[in-house]
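Dear colleague,

Please find below the structure for your records.

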Amino acid sequence: MSDQQPPQQPEVASSSSSSSSTSTAPPAKEKAQKNNNNNNNNNNKPAGEKGEKSQSNKGGKKGGKSQGKAPELPPPAFFEERIKIWDEVKKEHDEKMKNLPDEPIVMTLPDGKSVHAVKLKTTPYEIAKNISRGLADACVVAKVDGQYYDMHRPLENSGSMQLFKFDSPEGKHCFWHSSSHVLGQTLEARYSAHLTIGPAIEEGFYYDIDIPQQEGQDKYTISAEDLSQIDEIANGICKQKQPFERLAVPRDTALKMFAYNKYKQEIIGKIPQTESVTLYKCGPLIDLCRGPHLPNTSLIKAFKTTKNSGAYWLGKAENPLLQRVYGIAFPEKKQLSEWEEFQAEAARRDHRVIGKDQQLFFFHPYSPGCAFFLPHGARIYNRLVNFIKAEYHNRGFTEVMSPNAFNKELWEISGHWQNYKDNMFVFDCDNTQYSLKPMNCPGHCLMFDHGHRSYRDLPLRFADFGVLHRNELAGALTGLTRVRRFQQDDAHIFCTQEQINAEVQGALGFMQHVYGIFGYSFTLELSTRPEKFLGDVAIWDKAEKTMEEALNAFGQPWTLNPGDGAFYGPKIDIHITDALKRSFQCATIQLDFQLPIRFKLAYSDADGAEKQPVIIHRAILGSVERMMAILIEHTAGKWPFWLSPRQVVVVNVSSAHAEYAKKVQERINAAGYYVDAELSDKTISNKIRQSQGAQYNYILVVGEEEMNKGTVSVRTRDNVQHGQKSVDDILAEFAELTKNFK
């Protein structure tokens, strides 16, 4: 991985025996981009069910067509030349460092304590060691004035310093980044692979490689049989305590060092001639890399490859198809065991598996990335939408409907044509170009501008469940979590600057209400003005202060995320945590000063003067499809009654009670609940067992006694018997559950 390298690219195809589609660890800073995929029906195929050439690591179990054992190869020829160049430059660097004078600097720790150090000599590890040897050994990375440092990298100037252990997002990112270099070294040594990129990701790491074709042999393709051997070599490297060494070299030196690798040449070629290139060495591995890294490989106590797949270079289908190997690593072996147990549970909850088992949705290659919701899936989807619509009615939102396609001129005004066109479905119509809408905000601006607006009209809250389309490349499509066609609870609030505080508090309260019903905990993060922004600094400062005041008034803890706001305004990101303690961002509250300017929106104030409104972009569910996927995995398919697609089933003991069972079904159906009748000639115990497996919330058994009394015997899916109840009583119970979202 490199500071000059492109961001990570999604795979062409993959299968894993252990990871859920929506599983995440604390977020790494590198964001996945989209990639092409040669399997257009990738969405609905859960782990291990894709029938593709990629494989998962199941302890070396055969996972596809084997080419036999990989050929034993001598060390790659480029090792010697690469190390020779490194040694020459490193020797010059070390000579310069020897003659440096001792220049004092001062480092400020988070508790305000000042620590004296020597420029280009003292390291973060040494400062930590002076506090506690245990602290120094536990920390994996430092942050100095916003820049990440290796623990053994000499400090360059006075400034603030933080230390991070593995259990922090920063620590995990560094740890997995270093682990990817161990993987890269293994792949180079074992297959003479040419490395491309190998970043840390949200949970683990990967390396994309190109294995050169050996004379007289087919090009070798890594299979599941290879993964256990890769693990063995990598774990051996970890035990060798190889140090990670950092070195900056001239661009031309880097080109010479990587003359054998066309991918590295392409990356280096994009760097200005005057800039240096940062390299890291680990054993015989030398790679372009920004760092930071662990002190040495011995901190990695457990290393495991998880799966392999294909990925196009730079995510473009016209580029060479590379091989990708994924891995995970930890500082303790027990953490790997716990991770494997977690992955097994996540796989059991995979929304694609449950979606198939419960007949909720499917995908088809004729419309990749667009879900077909079956009747029971449509029930959940519609219930979610109607739930939000009811809240809209109570909270002063006005539901609107806007067109699905717009002339490109609209997108040019909004800026999407210039910055988002590749993600839009563009087509020709009336001798010009149109696009299906990927978002609702430009259309809502047209609606606001339709007719004169007064301050009395504000705040104006437009809500829209219109269908959106985004041209996600096929490699990025994953079940319901990444689709091309979707709907979201999209709302735009047009308000004055004075109304921002109240509207943001209202949005936060709305979010808290919804997430409380779903059983999610959440965290709040305020992202402020980025380096590249539009608008006046004074307006930004005022908006950020207003957002802070609204968050403080909301009364929940929040953190500051400096410089990560949108270019058009500050935002509040809300991260939810599900039953497996995984984090997802769904809700967002964003201030926008730029669209009103671009669309020349205005309202008349009390004095008749024209003023510009502010737009608050707001979503709670986000994509309904993605929220449904998260809910499936959060509940493990055991839906609460109010949201369940299978609320009740009436089961008769024998054919003599079938007519009564039908009458009970009709009454419950007339009351508005989803109810089925199981009237087959199967045994009653079989019917009950199958109904529980199908996740019916209530199983109502009717026999001779129930028919004579006009009652039902009530069971729930957890096999608890609740005795006989009248139909009126059970309907009252259903109404109470629905009212309280239980």
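**Strand pairing around β20**

Asn407 has Tyr434 as its bridge partner in β20. This is a predicted model, in which local features need pLDDT of at least 70 and side-chain atom pairs count only at pLDDT 80 or more, while totals for chains, interfaces and linings use all residues. Residues are numbered from 1 along each chain as its sequence is written, and side-chain values use heavy atoms, with hydrogens and water left out.

Strands β18 (residues 405–407) and β20 (residues 432–436) pair in the antiparallel sense, with three bridges; strands are DSSP runs of E with at least two residues, numbered from the N terminus, and two of them pair if DSSP finds at least two bridges between them. Strand β19 (residues 426–429) also runs antiparallel to β20, joined to it by four bridges. Within β20, Gln433 is the bridge partner of Asp428. The hairpin of β19 and β20 has two residues between the strands, and Asp430 there takes a positive phi near 55 degrees.

His293 lies in the loop between β12 (285–288) and β13 (302–312). His293 counts as buried because its relative accessibility is 0%, buried being under 20% relative accessible area (1.4 Å probe, protein chains only). The His293 side chain makes a polar contact of 2.8 Å with that of Ser178 and one of 3.4 Å with that of His181. A polar contact is a pair of N or O atoms within 3.5 Å; within protein, one must be able to donate a hydrogen and the other to accept it, and residues adjacent in sequence count only if both atoms are side-chain atoms. Leaving aside neighbours within four places in sequence, the residues in contact with His293 (heavy atoms within 4.5 Å) include Asp150, Cys174, His177 and Tyr280.

Yours sincerely

Definitions and conventions. Buried < 20%, exposed > 50% of the residue type's maximum accessible area, 1.4 Å probe, protein only.
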